Amino acid sequence: PTHPRAFEAALRVVRHHARRGEAELARTEARHALDRMDDLIATQHDDTVQQWARRTRAELLIATGNAAGACDALAELWRRYPGTPLGTDAGLKAAGIAETELGNRERAAGLYRELSVGARDPESRKRAQAALERLASGQG
């Protein structure tokens with residue numbers, strides 16, 4: 001259950017049902033998968049498994065239209081693992097969701113600010129800084 005393909009399989013099933021317009025099946029499969037992810041998060045101590053379980057949890061929430069939950073899950077992943085590419089990507093995605101899907105520019109700006117100073121990757125810091133400047137100028 002902790003192999004990367006197991007995480008991908010859980011997402012594929014939910015996305016498949018969502019694409020086919022089978023919303024109830026997608027939600028049911030997502031609930032089962034979210035329970036598995038929560039169990040892994042609670043019981044596994046391996047950082048890699050933790051990261052993948054948390055990321056999969058966020059992606060499941062996105063796939064079922066829970067933008068607020070996904071934003072929370074991605075922001076938590078960023079804050080727990082700011083020095084990793086997965087954590088940084090999660091932070092950028094959380095900020096994007098906060099800005100576009102939730103319409104919460106303050107939350108987006110806060111996340112972009114954290115990323116602009118805390119991301120280890122210089123390109124990610126630049127992206128976050130550019131987003132902050134765009135928000136400050138009233139664009140986007």
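Let's start with Gln 51. Which residues does Gln 51 touch, leaving aside those up to four places away in sequence? Leu 77, Tyr 81, Thr 84 and Leu 86. Gln 51 sits in helix 3. Is Gln 51 buried or exposed? Its relative accessibility is 13%, so Gln 51 counts as buried. One caution before I go on: this is a predicted model.

Two packed helices are described by the angle between their axes and the distance between the axes. So, for helix 3, residues 47–63, and helix 5, residues 85–100: the angle is about 20° and the axes are 11 Å apart. That makes the two helices roughly parallel. The cut-off for that word is an angle under 35 degrees. The crossing of helix 3 and helix 5 is left-handed.

Who makes the contact? On the helix 3 side, Gln 51, Trp 52, Arg 55, Glu 59 and Ile 62. On the helix 5 side, Leu 86, Asp 89, Ala 90, Lys 93 and Ile 97. Sort the residues of this contact by class, and you get five nonpolar, one polar and four charged.

Now compare another partner of helix 5. Helix 4, residues 67–80, packs on helix 5 at an angle of about 145°, and here the axes are 7 Å apart. From helix 4, the contact uses Ala 67, Ala 70, Cys 71, Leu 74, Ala 75, Leu 77 and Trp 78. From helix 5, it uses Leu 86, Gly 87, Thr 88, Ala 90, Gly 91, Lys 93, Ala 94, Ile 97 and Ala 98.

Look at the names that come up in both contacts. Leu 86 of helix 5 meets helix 3, and Leu 86 is also in the contact with helix 4. Lys 93 is another: it is listed with helix 3 and with helix 4.

On to charge. Side chains of opposite charge can pair when their charged atoms come close. How many salt bridges does the model have? The count is 13. I'll take three of them.

First up, Arg 15 and Glu 59. Their side chains meet at 3.1 Å, N to O. Arg 15 is in helix 1, residues 4–19, and Glu 59 is in helix 3, so this pair ties together parts that are 44 residues apart in sequence. Are the two partners buried or exposed? Arg 15 has 28% relative accessibility, so it counts as partly exposed. Glu 59 has 8%, so it counts as buried. This pair also belongs to a network: Arg 15, Arg 55, Glu 59 and Lys 93 are linked by salt bridges.

Next, Asp 72 and Arg 107. Their closest N and O atoms are 2.8 Å apart. Asp 72 lies in helix 4 and Arg 107 in helix 6, residues 105–118, so the bridge joins parts 35 residues apart in sequence. Asp 72 is partly exposed, at 41% relative accessibility. Arg 107 is partly exposed too, at 26%.

Then Glu 99 and Arg 134, at 2.4 Å, N to O. Glu 99 is in helix 5 and Arg 134 in helix 7, residues 122–136, so again the pair ties together parts 35 residues apart in sequence. Glu 99 counts as buried, at 11% relative accessibility. Arg 134 is partly exposed, at 26%.

His 17 is in helix 1. With a relative accessible area of 14%, His 17 is buried. What does His 17 touch, not counting residues up to four places away in sequence? Glu 22, Leu 25, Ala 26 and Glu 29.

And Gly 65. Where is Gly 65? In the loop between helix 3 and helix 4. Gly 65 is exposed, with a relative accessible area of 63%. Take Gly 65 and Ala 95: 30 residues apart in sequence, and 16 Å apart in space, C-alpha to C-alpha.

Terms used. Residues numbered from 1 in each chain as written. Predicted model: local features only at pLDDT ≥ 70, side-chain atom pairs only at ≥ 80, totals over all residues. Heavy atoms only, no water. Axes fitted to C-alpha atoms, helices over the stretch in contact; angles between N-to-C directions. Helix = DSSP H or I, 4+ residues; strand = E, 2+ residues; numbered from the N terminus. Parallel < 35°, antiparallel > 145°, perpendicular 65-115°, else oblique. Left-handed = near helix turned anticlockwise from the far one by under 90°. Contact = heavy atoms within 4.5 Å. Nonpolar A, V, L, I, M, F, W, Y, C, P; charged D, E, K, R; others polar. Salt bridge = Lys/Arg side-chain N within 4 Å of Asp/Glu carboxyl O. Buried < 20%, exposed > 50% of the residue type's maximum accessible area, 1.4 Å probe, protein only.
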